[in-house]
Amino acid sequence: MPTENSSFPQDFIWGAATASYQIEGAAHEDGRGESVWDRFCATPGKVRNGDSGERACDFYHRYPEDVGLMRELGLGAFRFSIAWPRILPTGRGSVNEAGLDFYDRLVDELLAHGIEPFPTLFHWDTPQALEDQGGWPARATAEAFAEYADVVVRRLGDRVRHWITHNEPWVHAWIGHSWGKHAPGRTSEADAVAAAHHLLLSHGWAVDVIRAAAPDAQVGISLNLAHSYPASETPEDEAAAWHVDGEANRWFLDPIFRGSYPADLLERNELAVPVIQDGDLAAISAPTDFLGVNNYFRFIVSAGADGPRMERHAENQHTDMGWEVYPDGLRQLLVRVANDYAPKEIYITENGAAFVDVQGHDGRVHDPERTAYIQTYIAAVSQAIEDGAPVKGYFVWSLLDNFEWAEGYSKRFGIVYIDYPTLVRVPKDSFYWYRDFIAASTRTPRPSPIATG
Ligand code: FCB
């Protein structure tokens, strides 16, 4: 499985990604307010084993140790998210300085080790108080998000050079508001469509807010994207695959890059129309500096009697999430997105795999499947770059095993194993592979740590 390091430019950024609710713990400390995920986890039957992010990896207290691991890896960047309820415990109004202080310390610690912070402003932990007032289906939550973005960027914008507004609005809107499988656990398609629009709108507003407070910063959004393959070449399967592409990919890419929702879907989806106000699409299509692509699998779609049907190639490898391992799907996705939407730059802001890991008698965690996954997907990124996609960085999901939403702690995505009873960190074999790969790719000496004041 050779991976040609040389095809990555010297300034390519090698990173790792995480999210606040999945790793921080300290759910009741230093004035943090309640988030929709605290409430959802406390609701019986919602999360596997009744797990919650209350303690998670305790990153809130152990971040210096984890930054040490990042340094050992040779990471150029770390993607984390900011917990809105730490900053504004009730969503709007009074600012909790202690919450800002935590991210201030984290940013300084990263920079002191020569690691670029890539914060995401929203990775699904809406303040519960805002949910109680209507949540993302209400336009007021988009306004509140712009205020929150302003508070955060004013504090960290002197040091943070890359901002991600949202993480995977499709997942939050649909799985959280229509399927009810994620917080806030709503089961209304109309709520999902409205939530998706307000997430996009608040992204556009936040782009302006960030540019005003930090004019030199690079701003983008992370979308979950997956290439949609027809199960056969019949026109019916082709149409079904295009429809799935529309709902999963174009519904977000089109408004951001073209200022319009896909016409073929608008015709079918009457629910979407009422929530769009004059000026919304102009706001959503505010120019961005990069697109974050989160990718784990592809879609294989056939035309079923009741609409598009997802197919499964049982002979291919699948991860512990049941997701097909298909690296060329990432290459094709990147080439297609570059051709159709021409983002200035692309970062792979998430890619990785859950497999069942055990700590062996030798104390190590041998995870050859994860290593192979990361290696082959990185090779696909390299091919996409050769094919013209402007990919500038890759963030493995995830640095640490963590709280995998509705799956609780049962799915392990980390390149570092967490022994949950003790919270001891054990770098897996994939960690050492990534460390050696980064070292080989980054032949120029690392810059000395940036001094912080
Ligand atoms: C993505 C999420 C991330 C993580 C991975 C496995 O959809 O953004 O938080 O759960 O999936």
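**Strand pairing, helix packing and buried positions**

S302 stands opposite R309 in β9. This pair belongs to strand β8 (residues 299-304) and β9, which pair in the antiparallel sense over 4 bridges, where two strands are taken to pair if DSSP finds at least two bridges between them. Helices (H or I, at least four residues) and strands (E, at least two) are DSSP runs numbered from the N terminus. The model is a predicted one, in which local features need pLDDT of at least 70 and side-chain atom pairs count only at pLDDT 80 or more, while totals for chains, interfaces and linings use all residues. Residues are numbered from 1 along each chain as its sequence is written, and side-chain values use heavy atoms, with hydrogens and water left out.

β8 and β9 form part of an open sheet of 3 strands with mixed pairing, in the order β6-β8-β9. The edges are taken by β6 (228-230) and β9 (307-310), each with a single partner strand, so one side of each has no neighbour in the sheet. From one strand to the next, the twist averages 45°; axes here are lines fitted to C-alpha atoms, for helices over the stretch in contact, and angles run from 0 to 180 degrees between N-to-C directions. Helix α10 lies across β6, β8 and β9, and runs at about 125° to β8.

α10 also packs against another helix. Two packed helices are described by the angle between their axes and the distance between the axes. The axes of α10 (residues 235-258) and α13 (residues 327-341) come within 11 Å and cross at roughly 45°. That angle makes α10 oblique to α13, since angles under 35 degrees count as roughly parallel, over 145 as roughly antiparallel, 65 to 115 as roughly perpendicular and the rest as oblique. On the α10 side, W242, D245, N249, R250, L253, D254, F257 and R258 meet R336, V337, D340 and Y341 of α13, contact being defined as heavy atoms within 4.5 Å. The residues of this contact divide into 5 nonpolar, 1 polar and 6 charged, where Ala, Val, Leu, Ile, Met, Phe, Trp, Tyr, Cys and Pro count as nonpolar, Asp, Glu, Lys and Arg as charged, and the others, Gly among them, as polar.

A second sheet is closed: 8 strands form a barrel with parallel pairing, in the order β1-β2-β3-β4-β5-β7-β10-β11. Its neighbouring strands are turned by 25° against each other on average, direction ignored. Strand β4 (residues 162-167) pairs with β5 in the parallel sense over 4 bridges; the bridge partner of H162 in β5 is Q218, and that of I164 is G220. β5 (residues 218-224) in turn pairs with β7 in the parallel sense over 5 bridges. G220 has F290 as its bridge partner in β7, and L223 has V293. On to β10 (residues 346-350), β7 pairs in the parallel sense over 4 bridges, with G292 opposite Y347 in β10.

β5 is mostly covered, with 6 of its 7 residues buried, buried meaning under 20% relative accessible area, exposed over 50% and partly exposed in between (1.4 Å probe, protein chains only). In β7 (residues 290-294), 5 of the 5 residues are buried, so this strand is largely enclosed by the rest of the structure. F290, G292 and N294 point one way from β7, while L291 and V293 point the other way, and all are buried.

Helix α5 (residues 97-112) lies across β2 (77-81) and β3 (116-122), and runs at about 170° to β2. Helix α14 (residues 368-386) lies across β1 (13-17), β10 and β11 (391-397), and runs at about 165° to β11.

Two individual positions were examined further. H177, placed in helix α8 (residues 169-177), is buried with a relative accessible area of 0%. Leaving aside neighbours within four places in sequence, the contacts of H177 are with W136, P137, H172, P184, R186, T187, S188, D191, A192 and A195. F413, found in the loop between β11 and β12 (416-419), is buried with a relative accessible area of 2%. F413 and A353 are 60 residues apart in sequence and 5.5 Å apart in space, C-alpha to C-alpha. Not counting residues up to four places away in sequence, F413 touches A353 among others, including Y296, M321, W323, R370 and W397.
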